[in-house]
There are 2 protein chains.
Amino acid sequence: MAVYTDVTEPDLSAFLGLYDLGRLLSYKGIAEGVENSNFLLRCDAGTFILTLYEKRVARGDLPFFVGLMEHLSARGLSCPLPVANGAGETLGELAGRPAAIFTFLEGMWTRRPSADQCREVGAAMARMHRDAADFPIPRPNALSVAAWRPLFEACDGRADEVRPGLGETIQAELDHLEANWPTDLPAGVIHADLFPDNVFFLGGELSGLIDFYFACNDFLAYDLAIALCAWCFEPDGSFNATKGAKMLGGYAGVRPLTPAEIEALPLLARGAAMRFCLTRLYDWLNTPDGSFVTKKDPVEYLRKLLFHQRVRSVAEYGVPAERLTS
Amino acid sequence: MAVYTDVTEPDLSAFLGLYDLGRLLSYKGIAEGVENSNFLLRCDAGTFILTLYEKRVARGDLPFFVGLMEHLSARGLSCPLPVANGAGETLGELAGRPAAIFTFLEGMWTRRPSADQCREVGAAMARMHRDAADFPIPRPNALSVAAWRPLFEACDGRADEVRPGLGETIQAELDHLEANWPTDLPAGVIHADLFPDNVFFLGGELSGLIDFYFACNDFLAYDLAIALCAWCFEPDGSFNATKGAKMLGGYAGVRPLTPAEIEALPLLARGAAMRFCLTRLYDWLNTPDGSFVTKKDPVEYLRKLLFHQRVRSVAEYGVPAERLTS
């Protein structure tokens, strides 16, 4: 739940005075997202989202994030569009924080993804990769393979508190990932956090992508590996190959995969599972007991990691390799 | 911050199917309120609030709360109006909880109340008292004088952990309040929690009252005593007599006070300060450290209590008694 900074009406009205949105009618903090403070804003001009950027988001990255959403919107991808004020600026300051106003996207995120939704997500991700290809600002992925061992070391040898043997499993897997991580795959801007709560559907169709605050430059297929982990496992931990096939097929229908990407996918998926296992492990060990923040279970991603370790080829995700190339 | 229960789209769509509000377009959890889960709902028919009632609200009280808002809306008071479904019901069930849909009130609560806003709040409270006079369902005040000592005892003698001497101050004050609490003042339905976050303003005018989930039957002047505590002190702890005068004058302009109410007001204000000091003390001692819930400081209400203890007559709140009678 995310409202870390409250805003007074006079401050917000003054901020809105720079925009051409009419009178402020109401604003409510939204209990979604964890990095920033978000408000649903109603003005004469309609409904918008106001975001105050908290400390976890580096100020220097804001032109990348906001610029990317502007760029993708201009290409016709449905995502929040930063609203420019009278001076043409999309980033301002409010309550001592960087702040921006975005158009409001109708739609709901799905708590129980269907196979068809997986296909739509794959296709939307491929469109995003294509549309972002000429986005000019670079941003390295701060949570890719080089960051995982330091993150594990920051857990101070406490992994086994969560599950006996977890530390050893992670050590061995880090050795494998570091030794085998690809160096030459098609790269570009990836979303890097395309979980179900960041994808809206309306009337059975995908209506938009949100929350680009982990977006960065990395291998395009790594984004797909993250989405396989996030969308295609059932609550009981089993991998749903129908969903996997739809996700991969939806993606490849827009942007066919290269043979190198197809071969690398199981390894990239191990990496994706490791990345979320590690950030969850760190948060698990460092979130106070009794906190009202829901701790996400690192063991869920350990299980996904163990699944991907056993995958020998992309066919085990539900689709033969030849269906994914052009 | 308050979303304790999440809702899936299929469940919400099925619930909405009972209403005549068109398609569901979006819903977002709202980070306001502490008792219930609230969502901002957008449908073809407009914007609404969806409330899921959590355990802290007794199911048996819901017809009182929802009925009261319906009653007050029908009298022209601006408050959330429960929306009836096709069967004429305003209360249903969603995600295993009692649930209701309300009209959305535009407006913002004020983080820094002005004297004029205090006057408007006083007047709105008096209108509410008048409009609720013929509301037929009774609900005793579970947090009035008889409840305070048990609440203090539930704090297990730990008051001095918050401030040395606090326990003794509360003991002595409880003796005084129990011995002197009035028994025969004008009574009726009171809001009982009319703090700034429960009053909306728009364009300089009061646009509505919300959150009737502490409403109950009690002395009408006790509601005013609560509002004096909640609105008329400055952040440095000083009482603002201009705000006090406006609040009391605004109220009396709609519903003149009786001499007995005027005489009782300082004692009622001591009681109001005690009630919030005690609930805050209990929550302070029973909320885990490191929790992301903001603990409210009981000492703020101890200071208000000490102020009201020194008040000899209503004139010290900023207004001569004769200006408050008809």
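These legends walk you through several close-up views of a predicted model.

**View 1. A three-stranded open sheet in chain B.** Here β6, β8 and β9 of chain B line up in the order β6-β8-β9, with antiparallel pairing. Look to the two sides of the sheet for its edge strands, β6 (108–109) and β9 (205–209) of chain B, each of which pairs on one side only. In general, the strands of a sheet pair through backbone hydrogen bonds, in either a parallel or an antiparallel way.

**View 2. Where β6(B) meets β8(B).** Strand β8 of chain B covers residues 199–202, and two bridges join it to β6(B) in the antiparallel sense.

**View 3. A helix across the strands.** Helix α3 of chain B, residues 115–131, lies across β8 and β9 of chain B. Relative to β9(B), helix α3(B) runs at about 40°.

**View 4. The salt bridge between R23(A) and D44(A).** Over all chains, the whole structure holds 36 salt bridges, and the next views show some of them. In this one, the closest N and O atoms of R23(A) and D44(A) are 3.3 Å apart. R23(A) sits in the loop between α1 (9–16) and β1 (24–29) of chain A, while D44(A) sits in the loop between β2 (37–43) and β3 (46–52) of chain A, so the pair ties together parts that are 21 residues apart in sequence. R23(A) is partly exposed, with a relative accessible area of 49%; D44(A) is partly exposed too, at 44%.

**View 5. The salt bridge between R97(A) and E54(A).** The side chains of these two residues meet at 3.0 Å, N to O. Because R97(A) belongs to strand β5 (residues 97–103) of chain A and E54(A) to the loop between β3 and α2 (62–74) of chain A, the pair ties together parts that are 43 residues apart in sequence.

**View 6. The salt bridge between E161(B) and R158(B).** Back in chain B, the closest N and O atoms of E161(B) and R158(B) are 2.9 Å apart. E161(B) is exposed, with a relative accessible area of 53%, and R158(B) counts as partly exposed at 31%.

**View 7. A salt-bridge network in chain A.** Which residues take part in this network of salt bridges? D116(A), R119(A) and K246(A) are linked here.

Definitions and conventions
Residues are numbered from 1 along each chain as its sequence is written. Chains are lettered from A and ligands numbered from 1 in the order in which they are written. This is a predicted model: local features need pLDDT of at least 70, side-chain atom pairs count only at pLDDT 80 or more; totals for chains, interfaces and linings use all residues. Side-chain values use heavy atoms; hydrogens and water are left out. Two strands pair if DSSP finds at least two bridges between them. Helices (H or I, at least four residues) and strands (E, at least two) are DSSP runs, numbered from the N terminus. Contact means heavy atoms within 4.5 Å. Axes are lines fitted to C-alpha atoms, for helices over the stretch in contact, and angles run from 0 to 180 degrees between N-to-C directions. A salt bridge is a side-chain nitrogen of Lys or Arg within 4 Å of a carboxyl oxygen of Asp or Glu. Buried means under 20% relative accessible area, exposed over 50%, partly exposed in between (1.4 Å probe, protein chains only).
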